[in-house]
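The following exercises are to be worked with the sequence and the model side by side. Each task is followed by its solution in steps.

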Amino acid sequence: MAKILTLTMNPALDLTVQLGPLQIGQVNRSDAMLSHAAGKGINVAQVLADLGHELTVAGFLGVDNQQPFETLFAKRGFVDEFVRVPGETRSNIKLAESSGRITDLNGPGPEVSPQAQQALAARVEQIASGFDAVVVAGSLPRGVTPQWLKTLLLRLNEMGLKVALDTSGEALRAGLEASPWMIKPNTEELADALDAPIISIAAQAEAAADLRRRGIEHVVISQGSEGVHWFSSNVALQALPPKVTVASTVGAGDSLLAGMVHGLLSGHKPEQTLRTATAIAAMAVTQIGFGINDPAQLKRLESGVNVRVLTA
Ligand SMILES: Nc1ncnc2c1ncn2[C@@H]1O[C@H](COP(=O)(O)OP(=O)(O)OP(=O)(O)O)[C@@H](O)[C@H]1O
Ligand SMILES: [Mg+2]
């Protein structure tokens with residue numbers, strides 16, 4: 001069991017609305033509505049907790065609607081190091097059609113002041129050395145610059161911490177400059193951050209080699225139902241997930257990241273690490289939520305994952 005800190009700078013209250021085909025501009029009736037405390041780092045924490053790890057969660061949380069988050073943290077036994085900020089944490093509405101298509105409506109979230117940013121940096125500085133890894137996942141809230149993120153990541157690096165980063169856009173660009181231990185972009189996010197179309201396996205391998213020269217040890221590129229490519233020293237592997245019925249892809253990327261961190265911190269062999277992580281991600285898409293509720297199903301999914309050595 002490892003001790004892991006996850007940072008969620010821009011958490012969200014997810015409201016998942018299940019419905020038939022969405023009629024734009026019409027009155028739609030939903031089959032069910034589910035609300036839960038979320039945000040990428042918090043999602044990753046939940047999957048890691050399911051895998052038996054000890055979690056601390058931090059980031060910025062709006063004081064006006066923090067109750068569902070506090071309830072979740074208490075239920076999951078997470079140590080809560082979130083810095084409270086005035087206002088409400090944003091709400092993200094997910095319209096989940098029966099076809100599996102998801103339409104996201106993401107709220108703006110609170111503006112995070114320089115004082116709150118200093119408070120989080122100080123808190124992380126104080127507690128981080130006790131962790132086996134730090135996962136930094138999701139977007140940045142208003143007021144927080146990519147440069148601030150880069151400074152924080154550089155500091156974690158200096159402290160010798162394994163940092164797994166999953167973000168996009170300018171935050172990913174800045175984060176890459178801090179050479180985290182692991183990154184998990186999807187293909188579009190990586191292409192966007194590197195300003196290059198990265199379509200072929202050869203192009204991915206080349207981009208990964210370049211990132212690894214810059215000090216990023218594990219480059220994990222996810223590509224939805226096409227699976228995952230993982231480049232590291234002595235590792236160039238592809239995992240193809242089993243065919244599953246998609247209920248919702250919410251949490252798929254977070255599940256994959258959690259699975260990768262789990263395998264690496266547990267000292268599992270690369271092939272096993274990638275197989276399990278891909279199965280956990282496949283399991284996420286079969287549910288409206290995510291997480292490991294059925295270990296037997298996870299085993300079945302694992303045996304359906306096809307792992308092979310990548311040759312450019
Ligand atoms: N339809 C699917 N069937 C099986 N596995 C899937 C499917 N979609 C996604 N996955 C698994 O989940 C992983 C992550 O998905 P994806 O590449 O879409 O991540 P992402 O774009 O970061 O998503 P998000 O951040 O929205 O969770 C994939 O690498 C794959 O292993
Ligand atoms: Mg993602």
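**Exercise 1.** How much space lies in the second largest pocket?

*Solution.* The model is predicted: local features need pLDDT of at least 70, side-chain atom pairs count only at pLDDT 80 or more, and totals for chains, interfaces and linings use all residues. Residues are numbered from 1 along each chain as its sequence is written, and side-chain values use heavy atoms, without hydrogens and water.

Step 1. On a 1 Å grid over the protein atoms alone, a pocket is an open set of points where a 1.4 Å probe fits, with protein on both sides within 12 Å along at least five of seven lines. The volume, the space filled by probe spheres set on points joined across faces, edges and corners, is about 340 Å³ for the second largest pocket.

Step 2. Of its 18 lining residues (an atom within 4 Å of a point), His 36, Gln 46, Leu 72, Lys 75 and Phe 290 are the closest to the centre.

Step 3. Strand 3 (30-38), helix 1 (40-50) and helix 2 (67-76) each give two or more residues to this lining; helix 2 gives the most, five. Helices (H or I, at least four residues) and strands (E, at least two) are DSSP runs, numbered from the N terminus.

**Exercise 2.** State which residues bring helix 4 and helix 5 into contact.

Step 1. Pro 146, Leu 149, Lys 150 and Leu 153 of helix 4 meet Glu 170, Ala 171, Ala 174 and Gly 175 of helix 5, contact meaning heavy atoms within 4.5 Å.

Notes
Chains are lettered from A and ligands numbered from 1 in the order in which they are written.
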